[in-house]
Amino acid sequence: MKYQEQCEIVEKIIDHSYLFLKFRTKNIAKNALAGQFVNIRVNNSFTPLLRRPFSITDTEGDTLSLLILLKGKGTEALFGKKIGDFLDIIGPLGNSFPLINRRAIFVAGGVGIAPFFFLSKTISSGLLLFGVKSKEYLPELSAYSSSFSEVKIASEDGSSGKKGTVIDLLSEYDLSDKVVYACGPNPMLRAVSKILRDCAQVEAYYSIETIMGCGFGVCKGCAVETPSGQYKLACTDGPIFSWNEVKL
């Protein structure tokens with residue numbers, strides 16, 4: 001069930017290009033599952049016109065946390081909000097990650113790490129592979145690092161962790177009999193799929209990033225193509241899909 005609420009900002013932290021926002025909610029946080037998202041009206045005006053979707057980063061009691069990367073007018077508006085401000089939020093939306101009884105590997109590119117903080121709380125242990133452009137795009141992980149059995153970082157310029165991409169990290173592991181959870185830009189997910197095709201008995205699930213309007217299936221603006229040529233909606237059929245369920 002989704003809710004539309006006026007939610008108060010109770011905590012705000014700016015970390016390099018990232019923004020951590022924590023909201024007090026009535027029902028959204030209490031009903032959220034890992035992998036779901038919220039859709040936010042970032043201003044009371046019609047600029048920008050569309051709401052902005054964000055993966056739910058964490059919940060605790062009635063509070064909802066989001067990790068937001070500065071990359072456009074919508075996120076810029078959120079960076080300007082203050083503690084005590086209220087925002088119109090719809091959620092929780094979409095489906096959730098299936099919980100598989102196998103060794104988990106989380107593959108995150110940039111802000112694609114957002115849903116894995118929440119997911120790691122429901123999985124006993126998992127390896128986090130995290131790729132960023134440079135250390136300036138590396139959010140503070142200390143509050144969540146204990147949720148993962150191990151954390152490996154790659155940066156394209158070598159300023160943090162291994163020099164390279166998260167795909168370079170992933171290629172070092174045997175994925176057979178594992179479950180892979182991945183979130184990041186489509187080129188990253190395509191590269192993950194290329195590795196998965198050569199693995200035996202691996203399960204993998206992607207959280208798809210796409211432009212959305214309503215966030216709950218009315219506008220049909222987030223349609224993604226399946227291998228059969230049919231279409232599914234990222235907002236209602238997803239955002240979580242099996243790795244070979246949609247074309248990227």
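I looked up Cys214 and found it buried, because its relative accessibility is 16%, where buried means under 20% relative accessible area, exposed over 50% and partly exposed in between, with a 1.4 Å probe and protein chains only. This is a predicted model, in which local features need pLDDT of at least 70 and side-chain atom pairs count only at pLDDT 80 or more, while totals for chains, interfaces and linings use all residues. Residues are numbered from 1 along each chain as its sequence is written, and side-chain values use heavy atoms, with hydrogens and water left out.

I then checked for disulfides (pairs of cysteine sulfur atoms within 2.5 Å) and noted that the structure holds zero. For Cys7, which is in no disulfide, the nearest cysteine sulfur is that of Cys214, 18 Å away. Cys7 counts as buried because its relative accessibility is 0%. Cys214 is likewise in no disulfide, and its nearest cysteine sulfur, that of Cys219, lies 3.8 Å away.

Next I turned to strand β12, residues 178-183; helices (H or I, at least four residues) and strands (E, at least two) are DSSP runs, numbered from the N terminus. Six of its six residues are buried, so β12 is largely enclosed by the rest of the structure. I saw that Lys178, Val180 and Ala182 point one way from β12, while Val179, Tyr181 and Cys183 point the other way.

Which strands pair with β12 in the parallel sense? Strand β8 (residues 103-109) does so over six bridges, and strand β13 (residues 203-207) over five bridges, where pairing requires that DSSP finds at least two bridges between two strands. Val180 of β12 is the bridge partner of Ile105, and Ala182 stands opposite Tyr206 in β13.

Last, I looked for pockets, a pocket being an open set of points on a 1 Å grid over the protein atoms alone, where a 1.4 Å probe fits, with protein on both sides within 12 Å along at least five of seven lines; lining residues have an atom within 4 Å of a point. The largest pocket has a volume of about 700 Å³, a volume being the space filled by probe spheres set on the points. It is lined by 31 residues, and the closest to its centre are Pro53, Phe54, Lys71, Glu209 and Thr210. Strand β4 gives the largest share of this lining, four residues.
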